[in-house]
Protein chains: 2
Amino acid sequence: MSHGSGGRAMAQLIDELFRVHLDNPLLAQGNDQALFTPPPGRLVASTDGHVISPLFFPGGDIGALAVHGTVNDVAMAGARPLYLTASFILEEGLPLADLERIVASMGAAARAAGVQVVAGDTKVVERGKGDGCFISTTGIGVVPDGIQISGDLARPGDAILVSGSIGDHGVAILSKRENLGFETEIVSDCQALNDLVAVMIEAVPSIHCLRDPTRGGLATTLNELALQSRVGMQIREPLIPVRPEVSAACELLGLDPLYVANEGKLIAICPGDQAETLLAAMRAHPKGRDAAIIGQVVEDAHHFVQMETAFGGSRIVDWLAGEQLPRIC
Amino acid sequence: MSHGSGGRAMAQLIDELFRVHLDNPLLAQGNDQALFTPPPGRLVASTDGHVISPLFFPGGDIGALAVHGTVNDVAMAGARPLYLTASFILEEGLPLADLERIVASMGAAARAAGVQVVAGDTKVVERGKGDGCFISTTGIGVVPDGIQISGDLARPGDAILVSGSIGDHGVAILSKRENLGFETEIVSDCQALNDLVAVMIEAVPSIHCLRDPTRGGLATTLNELALQSRVGMQIREPLIPVRPEVSAACELLGLDPLYVANEGKLIAICPGDQAETLLAAMRAHPKGRDAAIIGQVVEDAHHFVQMETAFGGSRIVDWLAGEQLPRIC
């Protein structure tokens, strides 16, 4: 508890742990706020709380996730993420070694994504009033001139693309949580997508929408975009990439991969005549190798997402109702 | 739990509660990030997690506190706070009426301080894995040209000022927590200080340091500044404003008001010859009515904070060691 008091123990924790792993000139200012001069123009800000359980999982941990999740939300405006802030809420008794592993992972993820953690805060709550470690990150990025990407810009005739296989993250977490030993270990797709987005907007500056299908999965995110843009969507099930092992695990667990969270995939919507150009740019990048065009935007006053199934039928893909997988991010 | 799932229940919660109370054009964009064009120049960003217990206390609640705390951290760079983001971590079972009261209070505090909550996130954890409501806020502000305020700029000969009585917040929380019924109710000083800071930097643009003495209180904050600026400080106990009822409560509770948290006070350090001008500007503002010059910056290789006591003696005012009042903010 004394590490959250604002006193000497907290100052030591900051010096010996946070400054070591997250070091950068802005954080080193040592004030209660970071001062910087961003490039002129439009900025975006986004915030996300991370409460994932367990803290460490195949393919990542809460530290890396807290960086990737917020970097991706910033990048989904077509922006270049520059600065992050991080607020830690720790439960009394969290082993310092676990905290160090988390912060080190955060630092590595930030360096890899080209962002700086410029400000932070740590609070400690009593045992039983938290759950190890929660991290809220906020990201700030700059939007290149001429780029206009927003969830309300999908238009009938647009193509819908996804950057790779869906469901990996949610199934990885659940199999770890339930101690399911699948033959092939399923690994979270937890990764920063800002580099992929950069090549995409260079290839097709007229992209209309980008969004990462996290909580609620592909199905819920498409419904959000359809509602926001006041359009309908038609997708084709056989075109949606799902790894065979994820598909098998979903069957076993009674999950629909369309609703399972992802942490390293994006949905892109662009004018139909640009779809092949965009697809080629995505496939040329390692994080978009398995990208696919999965459907199109249509006129629909009900803003439905409809899916042609593998058997040739058609069904409405609704919003996630209730909860599927709690604390997945 | 379903309100944290990313699905329909969460979309409803956002529409019916967060959008209603925090409404502004940037939040209404409805994307996973907010897009805005700040005034050109230097920006500051600051983040703070709020885990105060109880959620509602005399003089405020966690919603107002989450706005004031971050607005103040931004303002302590001399900056004008413009944008806030808010990340909520809710415990399953938190009454929706409590959440609404918190968010409404947050909205009112933001409007009063002239800032917009431009992006938010909500996560829900299982009963027993949180404690009602935690809120992490991040603030972004713009620094006026010519202003250079930082914790490392205190110089020997500078004057040390405080904007009003200390210890109110911590004692208010503790008396509520312990159900102590004092004759005079002690109320938290929880308030936004950006308007006070604006008149201060207009009167004395050469202010060297500003910092709000929250966790760890006046004593710890002065030690932080002394260390950061590599100077010593001499303060005089009789000059430090403490309300009689706070002083009495501290005696009863075995607390030293120097270490008790504040949420609506600031420390200012400025060139000695500007101190009276700064004091006059502070006292002319309702939030600085009880401002006082409490001491001066001196040369000291040990970076000690020394205090002349009411009885004419002298003692070293050390950092807070261990914890005094957990979860005070």
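Here is a short chat about helix packing and one annotated span in this predicted model.

Colleague: Which residues of chain A does UniProt list for "domain: PurM-like C-terminal"?
Modeller: That one comes from an unreviewed UniProt entry. In the model the span is 34% helix and 17% strand, and its end C-alpha atoms lie 18 Å apart. The record puts the domain at residues 155-307 of chain A.

Colleague: Are α5(A) and α8(A) roughly parallel or antiparallel to each other?
Modeller: Take α5 (residues 194-203) and α8 (residues 275-283) of chain A: their axes are 9 Å apart and the packing angle is about 150°. Angles over 145 degrees count as roughly antiparallel. So the pair is roughly antiparallel.

Colleague: How many charged residues are in the contact of α5(A) with α8(A)?
Modeller: From α5(A) you get Leu196(A), Val199(A), Met200(A) and Ala203(A), which meet Thr277(A), Leu278(A), Ala281(A) and Met282(A) of α8(A). By class that is seven nonpolar residues and one polar, and the charged count is none.

Colleague: Over in chain B, how are α1(B) and α3(B) oriented to each other?
Modeller: The axes of α1 (residues 8-22) and α3 (residues 96-113) of chain B come within 7 Å and cross at roughly 30°. Angles under 35 degrees count as roughly parallel. That is why these two are roughly parallel.

Colleague: And how many nonpolar residues does the contact of α1(B) with α3(B) have?
Modeller: The α1(B) side includes Leu13(B), Phe18(B) and His21(B), while the α3(B) side has Glu100(B), Gly107(B) and Arg111(B) among its residues. Two in the contact are polar and two charged, and the nonpolar count is nine.

Key: Residues are numbered from 1 along each chain as its sequence is written. Chains are lettered from A and ligands numbered from 1 in the order in which they are written. This is a predicted model: local features need pLDDT of at least 70, side-chain atom pairs count only at pLDDT 80 or more; totals for chains, interfaces and linings use all residues. Side-chain values use heavy atoms; hydrogens and water are left out. UniProt positions are given in the numbering used here, feature names are shortened, and annotations may be inferred rather than shown by experiment. Helices (H or I, at least four residues) and strands (E, at least two) are DSSP runs, numbered from the N terminus. Axes are lines fitted to C-alpha atoms, for helices over the stretch in contact, and angles run from 0 to 180 degrees between N-to-C directions. Angles under 35 degrees count as roughly parallel, over 145 as roughly antiparallel, 65 to 115 as roughly perpendicular and the rest as oblique. Contact means heavy atoms within 4.5 Å. Ala, Val, Leu, Ile, Met, Phe, Trp, Tyr, Cys and Pro count as nonpolar, Asp, Glu, Lys and Arg as charged, and the others, Gly among them, as polar.
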